[in-house]
Amino acid sequence: MAGLRFEHVKKKYKNDAYTVKDFHLEVKDKEFLVLVGPSGCGKSTTLRMIAGLEDITEGDFYIGDKLVNDLAPKDRDIAMVFQNYALYPHMTVFENMAFSLKLRKVPKKEIEKQVHEAAKILDLDHLLKRKPKALSGGQRQRVALGRAIVRNPQVFLMDEPLSNLDAKLRVQMRSEISKLHKRLETTFVYVTHDQTEAMTMGDRIVVMYNGEIQQVATPTDIYDFPVNKYVAGFIGSPAMNFIEGTIIEEGSNLYFSTQGVKVQVSKKDDYILRSKGYAGQEVILGIRPEDFYMEAINIDTYEELSAEIEVVENMGSELYLYVKNNSIPLTAKVKNKGEYNSGDHITLAIDMNKCHYFDMETEKAIR
């Protein structure tokens, strides 16, 4: 098994701009690392550079202690699971899973042993004689995983492996892949645009945007301590609310003020904003939808604001309320404890201890 090390890796296609800019990161042995970001952010290109399917324009890439920039894909001891499964339609499940071992001229008995062991792990024993067309999407994905497992690689690479599955199967397969990682104790690098997959599966998450790493951290730290406005808005569902305003000082207190909204800053953020020189300056306030409440909350500092409901989405145990305060659109995620309709005027309580503040120009978190 092995970790990975990227030393200022860049990727550029001919005369285009850099697709991946200065990717500098160490992936620990046996870690489950998730690369997440929107389409075109460079995450799949990064994965393909690990696999050797894309050349590195600048920088160095190591698997374990071995520099592999110029090493062919077949010599890197990695296995890749693709979005479209890439199964051979004319072969049975057994033949698909055994194919790479046959190419290596592994003895027949050893092939049978390894395929049956992988099939047992993935509950494919009863499907070994079927062809891909006779399988469901989830079964095909498990065959693709099985084909990777039998190779016993140093590193597993997964490129959007669940995007073709329906919602229920995605949830099931998320759990299956996480359990597989724990069982195999191998390094996994997983690419997705789905922040739910990233948050539920990764030991660490790499948030990418425009070819650059925005933040690398555990799911909890990414959620609680986003380094900038982009990460804050990308991670979390529904997305974080952002309001532009000014930090004003009245007496011994600081307030965030804009368009008729004036809320007192918490003691923690009061100290941070003063020490960083933001009193009297414009900032961006970030509030997660789940940090709104329909009633006063039992904390030292909470603030209230009035709003008009525009749309209600009933999620069962929760409601997503899309509201407007003056001309400011906001989303609140609250417990389903009453009947709310479009046009209703409500009062929302804000947990000010959980607010985030960002610099107006750089959009970096103020810490």
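In the protein chain, 67% of the contacts between residues at least 6 apart in sequence join residues at least 24 apart; a contact here means heavy atoms within 4.5 Å. Please keep in mind that this is a predicted model, where local features need pLDDT of at least 70, side-chain atom pairs count only at pLDDT 80 or more, and totals for chains, interfaces and linings use all residues. Residues are numbered from 1 along each chain as its sequence is written, and side-chain values use heavy atoms, with hydrogens and water left out.

The protein chain holds nine helices and 20 strands, which are DSSP runs numbered from the N terminus (helices: H or I, at least four residues; strands: E, at least two). Its C-alpha atoms fill a box of roughly 80 × 50 × 35 Å along the principal axes. Of the 367 residues, 49% are buried, meaning under 20% relative accessible area with a 1.4 Å probe, protein chains only.

Now for the largest pocket, with about 450 Å³ of space. A pocket is an open set of points on a 1 Å grid over the protein atoms alone, where a 1.4 Å probe fits and protein lies on both sides within 12 Å along at least five of seven lines; lining residues have an atom within 4 Å of a point. The volume is the space filled by probe spheres set on the points, which are joined across faces, edges and corners. Among the 17 lining residues, Ala79, Met80, Phe82, Arg147 and Arg151 are the closest to the pocket's centre. Strand S6 (78–81), helix H2 (93–103) and helix H4 (137–149) each give two or more residues to this lining, and H2 gives the most, with four.

Notes:
Buried means under 20% relative accessible area, exposed over 50%, partly exposed in between (1.4 Å probe, protein chains only).
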